[in-house]
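Reader: Could you take me through how to read a metal site and the spaces inside a protein model?
Author: Gladly; let us take them in turn.

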Amino acid sequence: MAPEACLAELSARGVSYRRLEELRGVEVPLEVTGKLGGVEFWTDGGRRLEMDCRLALALDRLGFVFRRHGVTRVRYSGAYVYKRTASGRLSHHAHGLAIDVHAVTLGSGAEEVTDDYVRGVGCGAGGSPLNALTCDLSATAVFDELLTPDYDGAHYDHVHLSIPRR
Ligand SMILES: [Zn+2]
């Protein structure tokens, strides 16, 4: 998708954002300043919601999945972060194509990945609303990485979502 086409669709969908001049590693950098898919993305770390246009568009399009689970708010720690993975490769975060989700707010209250994600059951019986949400997000096949606490110890407190590089 061409940069201008992505920005045009984001605007047409009513997403509030601010175009950023330059962000190392990111093709079409922007700061999201409003909801995505009707869901409020927030953080207590003061980090701005910076990402590539394609991730913003993907999350906005997936709003219906979050809303189907009654999710009104999503707490993240970081989206754009210029860093490498353990193997030394640039992370999807460095391209603005990933976001780390730590908690969601839905009808029954806040669901924290640390406390409420049930490990070892995947999409089977005995899961929590967080398990159900991640399973539905996974089923959309939008993300090339959807790493939960079941993946490894580093993901004990968050779910990593990323869309494919080009
Ligand atoms: Zn991550």
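Reader: Is His 93 buried or exposed?
Author: Buried means under 20% relative accessible area, exposed over 50% and partly exposed in between (1.4 Å probe, protein chains only); because His 93 has 2% relative accessibility, it counts as buried, and His 160, at 7%, counts as buried too. This is a predicted model, in which local features need pLDDT of at least 70 and side-chain atom pairs count only at pLDDT 80 or more, while totals for chains, interfaces and linings use all residues. Residues are numbered from 1 along each chain as its sequence is written, and side-chain values use heavy atoms, with hydrogens and water left out.

Reader: Which residues coordinate the zinc ion?
Author: Donors are N, O and S atoms within 2.8 Å of the metal (3.2 Å for Na, K and Ca), and since water is not among the atoms, sites may look incomplete. Here the zinc ion is coordinated at 2.0 Å by His 93 (NE2), Asp 100 (OD) and His 160 (ND1). Of these, His 93 in the loop between strands S5 (73–78) and S6 (98–106) and His 160 in strand S9 (residues 159–162) are 67 residues apart, linking distant parts of the chain; strands (E, at least two residues) and helices (H or I, at least four) are DSSP runs, numbered from the N terminus.

Reader: What lines the largest cavity, by class?
Author: Its lining has eight nonpolar residues, one polar and no charged, where Ala, Val, Leu, Ile, Met, Phe, Trp, Tyr, Cys and Pro count as nonpolar, Asp, Glu, Lys and Arg as charged, and the others, Gly among them, as polar. A cavity is a set of points, on a 1 Å grid over the protein atoms alone, where a 1.4 Å probe fits but cannot get out, and lining residues have an atom within 4 Å of a point. Helix H5 (129–139) is among the elements giving two or more residues to this lining, and its four residues are the largest share.
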